[in-house]
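Here's a quick report to read with the model open beside you. Have a look at the fold first, then come back to the notes.

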Amino acid sequence: MRPAILIVDNDRHYLSMVRMFLENCGYAVQCAACAEAALGLCADFRFAVVVTDLRIADDCDVDDCGGISLLKAIGTGCDAPRVIVHSGYLTWDFVRSAHAAGAVDFVGKSDGVERLLLSIRKALGEAPDRNSK
């Protein structure tokens, strides 16, 4: 089994789709629909990668940056997981804030799960699959 990944998103249907995709790629996947649940899982499990949406409290709230708050709470220590921001709301301000907080990559949801997989593999130091786009 490949390293454990935590996916954080308030859209339960999207969580389910990404989870199934990554599990089919051989990863152990946990999901959380909010920052509090994600932090609870991080306290109980060791994740190699955390993939978080930016707006994890309210997709309609343009000021919701719960993903960045989560990123800061997870930290950047040597045992901290690599964090990838995966969102449909990637603005330069959000990207700068997430980068300053320690995000290793940014993937738009419109880029698809194949692009997310490439980012996860890069964060883990894995070779890209030749069959991936």
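What follows covers a strand, a helix and a loop residue in this predicted model.

Start with S3, which spans residues 49–52. In a regular strand, side chains alternate between the two faces of the sheet. Here both faces are covered: Val49 and Val51 are buried on one side, and Val50 and Thr52 are buried on the other.

S3 runs parallel to S1 (residues 2–8), and four bridges join the two. It also pairs with S4 (residues 82–87), again in the parallel sense and over four bridges. Val49 is a handy landmark: it is the bridge partner of Ile5, and it stands opposite Arg82 in S4.

## Helix H5

Next up is H5, residues 112–124. From first C-alpha to last, its 13 residues reach 19 Å, close to the expected 18 Å.

Which residues of H5 are buried? They are Val113, Leu116, Leu117, Ser119, Ile120, Arg121 and Ala123. The buried residues of H5 pack against S1, H1 (12–24), S2 (27–32), S3, S4 and S5 (105–108).

## Asp9 in the loop

Asp9 sits in the loop between S1 and H1. Is Asp9 buried or exposed? Its relative accessible area is 2%, so Asp9 counts as buried, the cut-off being under 20%.

A polar atom of the Asp9 side chain lies 2.8 Å from the backbone nitrogen of Asp11. Leaving aside neighbours within four places in sequence, Asp9 is in contact with Tyr14, Leu15, Ala32, Ala33, Asp53, Ile56 and Lys109.

Note on methods:
Residues numbered from 1 in each chain as written. Predicted model: local features only at pLDDT ≥ 70, side-chain atom pairs only at ≥ 80, totals over all residues. Heavy atoms only, no water. Buried < 20%, exposed > 50% of the residue type's maximum accessible area, 1.4 Å probe, protein only. Pairing = 2+ DSSP bridges. Expected span 1.5 Å × (residues − 1). Contact = heavy atoms within 4.5 Å. Polar contact = N/O pair within 3.5 Å; in protein donor to acceptor, adjacent residues only side chain to side chain.
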